[in-house]
Amino acid sequence: MSLEINNISKLFGNNKALDSISFKANPGDIVGILGPNGAGKSTMMKIITGYYNQTNGSIKVCGKDTLENRIETQRKIGYLSEENPLYPEMYVREFLEFICDIHKLEYDNCDEIIELTTLKSVESQKIKTLSKGFQQRVGIAQALIHNPELIVLDEPTSGLDPKQLIQIRKIITSIGKDKTILLSSHIIQEVEAICNRIIIINNGEIIANKKTKDFKNKIEEKFLELIK
Ligand code: ADP
Ligand code: MG
């Protein structure tokens, strides 16, 4: 089991952003976290990756409790946050080498990841000169460079044009074979196309958790019915 979430709640003052959420995910799972804006998707991802602590509950990554083994579990996670924070003045390759330094990795890892995320043509370009699609790919590259078991992508395809969307989909599907991927979106068709499991979250609660095929092409209907 790569990820085990047990009764996670998160309070921001009086606002309950997450209300006793539980689910599990295994290698090979590409889990779509679907929910309207403000549902709690990013909060959940920030708790899994260690940017926030939960108010209640526990999380295990590869069998280890995240609060008790923060650094060890974070090493097993790759994270692309919603904001995709990059250094705009850095060159693509320079930035990825910097990420290698952080992880104490050889720079060979850059070549591999540049190929996977098809960044070769822009590796000598400054990040600020790249289109949104390329910038997202740089964000995905930094999340994957240390070969993590669990990959957490917060709205990785938001704001992309159709061609860029297809490219990102391809990358996610290719890495998803032996890793566990969590991917959030508020676009139903998007998660349906990429994910083999879909979790619908609304007002901080999980209201559905099923294999994509078990929704029988009725995700849109189900979604609207559930979030009413
Ligand atoms: P989503 O990613 O699904 O759009 P979020 O996880 O960002 O939703 O937000 C869930 C709820 O938690 C919202 O009500 C939001 O206002 C609140 N929230 C998120 N982050 C913070 C924060 N740092 N401080 C206070 N409230 C927050
Ligand atoms: Mg969000």
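The points below take up the basis of the model, its pockets, its sheet and its cysteines.

1. This is a predicted model, in which local features need pLDDT of at least 70 and side-chain atom pairs count only at pLDDT 80 or more, while totals for chains, interfaces and linings use all residues. Residues are numbered from 1 along each chain as its sequence is written, chains are lettered from A and ligands numbered from 1 in the order in which they are written, and side-chain values use heavy atoms, with hydrogens and water left out.

2. The largest pocket holds about 800 Å³ of space. A pocket is here an open set of points on a 1 Å grid over the protein atoms alone, where a 1.4 Å probe fits, with protein on both sides within 12 Å along at least five of seven lines; lining residues have an atom within 4 Å of a point. The volume is the space filled by probe spheres set on the points.

3. Of the 26 residues that line the largest pocket, Tyr51, Ile77, Ile102, His103 and Gln142 lie nearest its centre. Two or more lining residues come from each of α1 (41-49), α2 (70-75), β6 (77-80), α3 (92-103) and α5 (132-144), and α3 gives the most, with five. Helices (H or I, at least four residues) and strands (E, at least two) are DSSP runs. Domain 1 (1-76 + 149-163 + 176-228) and domain 2 (83-147) each supply at least three residues to this lining; the bounds come from an automatic or database domain assignment.

4. The second largest pocket has a volume of about 240 Å³. Its lining includes Asn109, Glu112, Ile113 and Leu116, and helix α4 (residues 108-116) contributes the largest share, four residues.

5. An open, antiparallel sheet has the strand order β2-β1-β4-β5, with β2 (15-25) and β5 (64-65) at the edges, each pairing on one side only. Pairing requires at least two DSSP bridges between two strands; β1 (residues 3-12) and β2 are joined by seven. Glu4 stands opposite Lys24 in β2.

6. How many disulfides are there? The count is zero, a disulfide being a pair of cysteine sulfur atoms within 2.5 Å. Cys100 is in none, and the nearest cysteine sulfur, that of Cys110, is 3.6 Å away. The sulfur of Cys195 is too far for a bond, because the closest cysteine sulfur, in Cys62, is 19 Å from it.
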